[in-house]
Amino acid sequence: MADVKKYIDEIKNMTVLELNELVKALEEEFGVSAAAPVAVAAAPAAGAAAAAPAEEKTEFNVVLKDAGAKKIDVIKVVRAFTGLGLVEAKQAVEKGGVLKENVAKADADKIVADLKAAGATAVLE
């Protein structure tokens, strides 16, 4: 049982990018998906579907499309909002993709604005 606790402690100390890589590796190794299963419900009547308001998205992912010419400035911004070390932030900037997941709209807008001010191309998803 001590090994399980050791693994949990190790996972607690991982960055978001490291956790993402771990999940992908486990999915590939065991041929499974970490996505939550979705229950299939019977289709509602057309009138009820039209009357239901669409839920507004409240959490966003910050995605780095391009670091731009001022990569050092972008790395500094990434370090500031992720808490990553210099090497990890540099790798994240070079790799691109999702930098921060499930961020509130106001915080995500600020992060994207900071990245754009540093010369990067970033979007919300």
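**Close-up views of a predicted model**

**View 1. Glu-125 and Lys-65 meet in a salt bridge, their closest N and O atoms being 4.0 Å apart.** A salt bridge here is a side-chain nitrogen of Lys or Arg within 4 Å of a carboxyl oxygen of Asp or Glu. Lys-65 belongs to strand 1 and Glu-125 to the segment after strand 3, so this pair ties together parts that are 60 residues apart in sequence. Glu-125 is partly exposed at 43% relative accessible area, while Lys-65 is exposed at 51%. (Buried means under 20% relative accessible area, exposed over 50% and partly exposed in between, with a 1.4 Å probe and protein chains only.) This is a predicted model, in which local features need pLDDT of at least 70 and side-chain atom pairs count only at pLDDT 80 or more, whereas totals for chains, interfaces and linings use all residues. Residues are numbered from 1 along each chain as its sequence is written, and side-chain values use heavy atoms, leaving out hydrogens and water.

**View 2. An open sheet is formed by 3 strands in the order 2-1-3, with antiparallel pairing.** At its edges lie strand 2 (97–104) and strand 3 (121–124), each of which pairs on one side only. Strand 1 (residues 59–66) joins strand 2 over 5 bridges. Look for Val-62, which stands opposite Lys-100 in strand 2. Strands pair if DSSP finds at least two bridges between them; helices (H or I, at least four residues) and strands (E, at least two) are DSSP runs, numbered from the N terminus.

**View 3. Helix 5 (residues 86–95) has Ala-89, Ala-92 and Val-93 as buried residues.** These three cover an arc of only 95° around the axis, which puts them on the same side of helix 5; the arc is that of the directions from the helix axis to the C-beta atoms. Val-87 and Lys-95 are exposed on the other side. Helix 5 also holds Lys-90 and Glu-94, which are 4 residues apart and therefore separated by about one helical turn. Their side chains form a salt bridge (2.7 Å, N to O). Lys-90 is partly exposed at 39% relative accessibility, and so is Glu-94 at 43% relative accessible area.

**View 4. In helix 6, Asp-114 and Lys-110 form a salt bridge.** Their closest N and O atoms are 2.9 Å apart. Helix 6 spans residues 105–117, and the two partners are 4 residues apart, about one helical turn. Asp-114 is partly exposed, with a relative accessible area of 31%, whereas Lys-110 is exposed, at 51%.
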